[in-house]
Amino acid sequence: PAPKAKVSCGYAGSADRQIRCQVSFVHGRQINGTLRIRLSRNGTIVGLGHARVRRGNATVTAKVLRQVTSGSWRVTLVLARAHLEPATKTVALASVS
């Protein structure tokens, strides 16, 4: 199973073409690996990105693929670690500010 994660996201860059997300794994200081992120809103993929996870934390800068104005935000995280199966976790976001 995937470890619990806390995610907060906000727009970055000029003209809101990037979304930067801070991801931290609860009780996961020993977690290292690669994190892939998919941001979706109302079932439509809004952004994609990836980053390295070090000591349970990662900062992901995702490219915005399209603008969607309504619906709830969902973040799908795929954590790949050495010698383990990739783990997928879906987290709801209150907003992207």
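Predicted model: local features only at pLDDT ≥ 70, side-chain atom pairs only at ≥ 80, totals over all residues.
**Entry 1**

I then located Leu65, which sits in the loop between β5 and β6 (73–80).

**Entry 2. Positive surface patch**

Which residues gather in a patch of positive charge on the surface? I found four arginines there: Arg29, Arg52, Arg54 and Arg55. I looked up two of these in detail. Arg54 belongs to the loop between β4 (44–53) and β5 (57–64). Its relative accessibility is 51%, and Arg54 therefore counts as exposed; the class requires a value over 50%. Arg55 is placed in the loop between β4 and β5. I recorded a relative accessible area of 57% for Arg55, which is exposed.

**Entry 3. Backbone angles**

I next turned to phi. Most residues other than glycine have a negative phi. Where is His27 found? I traced His27 to the loop between β2 and β3 (33–41). Is His27 buried or exposed? With a relative accessible area of 76%, His27 is exposed.

**Entry 4. The disulfide**

How many disulfides does the structure hold? I found one. It joins Cys9 to Cys21, with an S to S distance of 2.0 Å. Cys9 lies in strand β1 (residues 5–12) and Cys21 in strand β2 (residues 18–25), so the link ties together parts that are twelve residues apart in sequence. For the geometry I noted 110 degrees about the S-S bond, and the link of Cys9 and Cys21 is right-handed. As a reminder to myself, a disulfide is a covalent bond between the sulfur atoms of two cysteines.

I also checked the surroundings of the pair. Both Cys9 and Cys21 are buried. For Cys21 the relative accessibility is 0%, so it counts as buried, the class being set at under 20%. I then took a C-alpha separation from Cys21 to Val7: the two residues are 14 apart along the chain, and the atoms are separated by 6.7 Å.

**Entry 5. Strand β7**

Val91 is found in strand β7, and Ala92 has its place in strand β7 (residues 87–93). What is the accessibility class of Val91? Val91 counts as buried, at 14% relative accessibility. Ala92, by contrast, is exposed, with a relative accessible area of 55%.

For each I recorded one C-alpha to C-alpha separation. Val91 and Arg41 are 50 residues apart in sequence and 12 Å apart in space. Ala92 and Gly28 are 64 residues apart in sequence, and 20 Å lies between them in space.

Notes:
Residues numbered from 1 in each chain as written. Heavy atoms only, no water. Disulfide = S-S within 2.5 Å. Helix = DSSP H or I, 4+ residues; strand = E, 2+ residues; numbered from the N terminus. Buried < 20%, exposed > 50% of the residue type's maximum accessible area, 1.4 Å probe, protein only. Patch = residues over 30% accessible without salt bridge, like charges linked within 9 Å, V, L, I, M, F, W, Y side chains within 5 Å. Areas by Shrake-Rupley, 256 points an atom, 1.4 Å probe, with all protein chains shown as cover. Salt bridge = Lys/Arg side-chain N within 4 Å of Asp/Glu carboxyl O. Lys, Arg positive; Asp, Glu negative; His and termini not counted. Charge placed at Lys NZ, Arg CZ, Asp CG, Glu CD.
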